[in-house]
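This briefing accompanies the sequence and structure shown below. Please read it with the coordinates open in a viewer.

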Amino acid sequence: MAKKFIEGTEIVQAGFANGISIQLAKKQAEDGPEAELTEFEKHYIIEDAARAFGDFLTALGCDWENDPNSSDTPRRVAKAYVRDLWRGRYEPMDKVTAFPSDGYDGVVQQSNIPVTSMCSHHHQAIQGNVSIAYLPSEFDNGKVIGLSKLNRIVEQFARRGAIQEQLTVAIHNAVNKICEGNLGVAVMISATHNCVSCRGVKHQGASMQTAKLSGCFLNEDSARAEFYKNIELSNKLK
């Protein structure tokens, strides 16, 4: 079956830390929502950001240009943001292949999906796991997607600046759009935040839980209970 580009997965204003970059948004406005940045365009962003980060270190009183351990730090940091830490801001969502559910009317769920993101406020790491479930329609319009696509959705939106609450909503929205004809979607994130453990109160081990439920998971006790029970069972298999 042919892969299809799904529109409507981006719900945050372009340019915000948890949205796509201004550069990608401008290119998509000119060439369409599937447009991608070229390697040259990404390289230009890295070089521009490296110069700015060097100025940032200088303002902090760091003689980075003469420090052998820091002389290439501006470029390393800029490259890490574009290629890894904020990769989801510079790449569009992958095309998706959806398959008929063939009458399957049970919950599809994957738990303990690793998540690594970055707090928009202090640019500190957010690390934990995500559980995602959806209920495909049992009728002809019911669709399921490859299991790893759920992992890719998490990566797409986590590899940006984020607050956990909005990241939960973003993942939920994307799953809801991509799993066409679903009867409900559930997303839960449990994560630790370095902005809590490394600064401020400096509390190690504190974790945050957020959840977004819709359809049967919001309106039916049995579906909601199954979602959380599956999370409990998956934790026992770790």
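In this predicted model, helix 2 (residues 39-59) and helix 3 (residues 73-85) have axes that come within 7 Å and cross at roughly 135°. The two helices are therefore oblique to each other.

**Packing of helix 2 and helix 3**

- The crossing in which helix 2 passes helix 3 is right-handed.
- On the side of helix 2, the contact is made by E39, K42, H43, I45, I46, E47, A49, A50, F53, G54 and L57.
- The partners of these residues in helix 3 are T73, P74, R75, V77, A78, K79, V82 and R83.
- Sorted by class, the contact of helix 2 with helix 3 comprises 10 nonpolar, six charged and three polar residues.

**Largest pocket**

- The largest pocket holds about 320 Å³ of space.
- Its lining consists of 17 residues, and those nearest the centre of the pocket are E91, P92, M93, D94 and Q156.
- Helix 4 (residues 147-158) supplies the largest share of this lining, namely four residues.
- Charged residues number 11 in the lining of the largest pocket, beside four nonpolar and two polar residues.

**Second largest pocket**

- The second largest pocket holds about 280 Å³ of space.
- It is lined by 14 residues, and I45, A49, Y81, W86 and Y90 are the closest to its centre.
- Helix 2 and helix 3 are the elements that each contribute two or more residues to the lining of this pocket.
- The greatest contribution to the lining of the second largest pocket is that of helix 2, with five residues.
- By class, the lining of the second largest pocket has 10 nonpolar, two polar and two charged residues.
- I45 and A49 of helix 2 also belong to the contact with helix 3, and both are among the residues closest to the centre of the second largest pocket.

- How many cavities of 30 Å³ or more does the structure hold? There is one such cavity.
- The space in the largest cavity amounts to about 60 Å³.
- The residues lining the largest cavity are T9, E10, I11, V12, N18, F157, R160, G161, A162, Q166, L167 and A170.
- Strand 5 (161-162) and helix 5 (164-178) are the elements that give two or more residues to this lining.
- Helix 5 gives the most to the lining of the largest cavity, and its contribution is three residues.
- The lining of the largest cavity divides by class into six nonpolar, four polar and two charged residues.

**Positive phi in residues other than glycine**

- N112 has a positive phi, near 60°, although N112 is a residue other than glycine.
- The location of N112 is strand 2 (residues 108-119).
- K202, which is not a glycine, likewise has a positive phi, of about 55°.
- K202 is placed in the loop that lies between helix 6 (194-197) and strand 7 (207-213).

Terms used:
Residues numbered from 1 in each chain as written. Predicted model: local features only at pLDDT ≥ 70, side-chain atom pairs only at ≥ 80, totals over all residues. Heavy atoms only, no water. Axes fitted to C-alpha atoms, helices over the stretch in contact; angles between N-to-C directions. Parallel < 35°, antiparallel > 145°, perpendicular 65-115°, else oblique. Left-handed = near helix turned anticlockwise from the far one by under 90°. Contact = heavy atoms within 4.5 Å. Nonpolar A, V, L, I, M, F, W, Y, C, P; charged D, E, K, R; others polar. 1 Å grid on protein atoms, 1.4 Å probe; cavity = no way out; pocket = protein on both sides within 12 Å on 5 of 7 lines; lining within 4 Å. Points joined across faces, edges and corners; volume = space filled by probe spheres on them.
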